[in-house]
Amino acid sequence: MNNIARPRRLVLALYVVSAALVTVQQAILGHSNNLSIFRSASLNLFAGRDLYAAHPEQHFDFYKYSPTFALLFAPLAYLPFALAFLCWSLLNGLLLWYALDRLLPEREATIALALLYLEVLLALQYGQSNALVAALMILGFVAFEGRRQLGAALSITAGAAVKLFPLAALSFAVFHPRRLRFAAVFIAVCAAAVALPLVVIPVGDLLAQYRSWHAIEAKDALRRGYSLMHYTHAWFGVDWPNWPQQAAGTALLLLPLALHSNRWESPEFRRLFLCSLLVYSVLFNHASESPSFVVAYAGIVIWYVSSPPSRLRTAIMALTLLVMVVHDVDVVPR
């Protein structure tokens with residue numbers, strides 16, 4: 001344990017210092033559009049404005065998260081911009097640190113966090129929420145492993161309030177008993193989260209916000225992002241809809257659960273499923289973008305540090321580092 005203490009402190013310092021440097025880059029020398037979107041959504045919610053309409057006087061692009069996230073972000077909306085960006089960056093980076101620390105032994109967690117650093121840095125530079133979402137999915141898994149159904153429901157619901165794809169983490173419940181009880185707990189927590197903005201806006205206004213959110217999500221579903229569907233379209237020139245490939249990916253994800261139900265009691269098998277789910281959540285997500293890959297890369301580094309060492313695994317890890325990380329900073333041609 002003493003041998004790993006110093007590297008752990010160094011990696012932790014790297015995460016904290018990077019959050020501070022990114023704040024200088026994106027909130028002092030620049031002005032992060034993503035943080036502007038999040039802050040404006042909170043202010044628009046309190047002002048009774050449509051969260052999902054264009055607000056060119058506030059920011060570029062559109063707000064696409066839930067009304068609940070707009071409410072939860074409110075404490076940062078009223079801070080000075082640079083301080084809000086710093087708090088947001090630290091929340092994203094350090095919650096992922098905490099999640100991996102809860103999931104893995106100290107040595108493996110430290111190696112995973114070091115391998116994950118460049119992807120976390122990229123996500124922080126964009127002011128994105130993907131490191132936070134990855135952390136919440138992992139914490140949902142950890143809560144299930146500890147038989148804490150309320151904790152699992154809270155983590156998954158919080159993740160879904162940010163982006164919808166963390167709902168895929170509900171599949172972790174298949175490994176554990178008392179699934180009906182968990183379903184009841186999750187429905188109650190989810191209903192409370194959906195209704196939470198009622199503390200600041202009336203029912204009619206909240207229903208209108210959800211209708212607008214549904215409309216923008218329906219339009220967004222036609223995108224391909226950086227998903228496998230995008231590359232199928234780019235490489236083969238086919239113009240298929242997203243859903244057949246997403247259905248095939250879901251079947252491939254769930255196939256080991258059907259074929260190896262006798263292994264559900266194995267912690268190693270369950271952790272492998274977590275890794276697969278994190279990768280699946282990006283590869284088959286029509287809204288994937290460069291900062292999203294921190295979610296998939298988290299799954300890959302968890303797999304790598306949790307498995308016996310081998311040349312093949314190291315080669316796969318190195319290739320993934322090249323494709324997913326170096327590609328994102330434009331060092332290799334697209």
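## A173 and its loop

A173 touches F144, R179 and F182 when residues up to four places away in sequence are not counted, a touch or contact meaning heavy atoms within 4.5 Å. The place of A173 is in the loop between α8 (149-162) and α9 (179-195), where helices (H or I, at least four residues) and strands (E, at least two) are DSSP runs, numbered from the N terminus. With a relative accessible area of 11%, A173 is buried; buried means under 20% relative accessible area, exposed over 50%, and partly exposed in between, using a 1.4 Å probe and protein chains only. From C-alpha to C-alpha, A173 and S310 are 31 Å apart in space and 137 residues apart in sequence.

R178 lies in the loop between α8 and α9 as well, but R178 is exposed, with a relative accessible area of 58%.

## Basis of the model

This is a predicted model, in which local features need pLDDT of at least 70 and side-chain atom pairs count only at pLDDT 80 or more, while totals for chains, interfaces and linings use all residues. Residues are numbered from 1 along each chain as its sequence is written, and side-chain values use heavy atoms, with hydrogens and water left out.

## Overall form

The protein has 15 helices and zero strands. Its radius of gyration is 20 Å, close to the 20 Å that the globule rule gives for 334 residues, so the protein is as compact as a globular protein of that length; the radius is taken over C-alpha atoms, and the rule is 2.2 Å times the number of residues to the power 0.38. Taken along the principal axes, the C-alpha atoms fill a box of roughly 55 × 50 × 45 Å.

Buried residues make up 49% of the 334 residues. Among contacts between residues at least 6 apart in sequence, 73% join residues at least 24 apart.

## Helix α5 and its partners

Two packed helices are described by the angle between their axes and the distance between the axes. Here the axes are lines fitted to C-alpha atoms, for helices over the stretch in contact, and angles run from 0 to 180 degrees between N-to-C directions. Helix α5 (residues 81-103) packs against helix α6 (residues 106-125) at an angle of about 155°, the axes being 10 Å apart. That makes α5 roughly antiparallel to α6, given that angles under 35 degrees count as roughly parallel, over 145 as roughly antiparallel, 65 to 115 as roughly perpendicular and the rest as oblique.

The axes of helix α2 (residues 33-47) and α5 come within 11 Å and cross at roughly 100°, which makes α2 roughly perpendicular to α5. L35, S36, F38 and R39 of α2 make this contact with F81, A84, F85 and W88 of α5, and its residues divide into six nonpolar, one polar and one charged.

## Buried residues in helices

L124 lies in helix α6 and is buried, with a relative accessible area of 4%. Leaving aside neighbours within four places in sequence, L124 is in contact with A19, V22, F85, S89, N92 and G93. L124 and I316 are 192 residues apart in sequence, and their C-alpha atoms are 25 Å apart in space.

N130, placed in helix α7 (residues 130-145), counts as buried at 0% relative accessibility. With neighbours within four places in sequence left aside, the contacts of N130 are N92, K163, P291, S292, V294 and V295. T320, found in helix α15 (residues 311-326), is buried too, with a relative accessible area of 11%; the C-alpha atoms of T320 and Y297, 23 residues apart along the chain, are separated by 8.1 Å.

## Positive phi values

Most residues other than glycine have a negative phi. D61, in the loop between α2 and α3 (67-72), has a phi near 70°, a positive value in a residue other than glycine. R178 likewise has a positive phi, near 60°.

Note on methods
Nonpolar A, V, L, I, M, F, W, Y, C, P; charged D, E, K, R; others polar.
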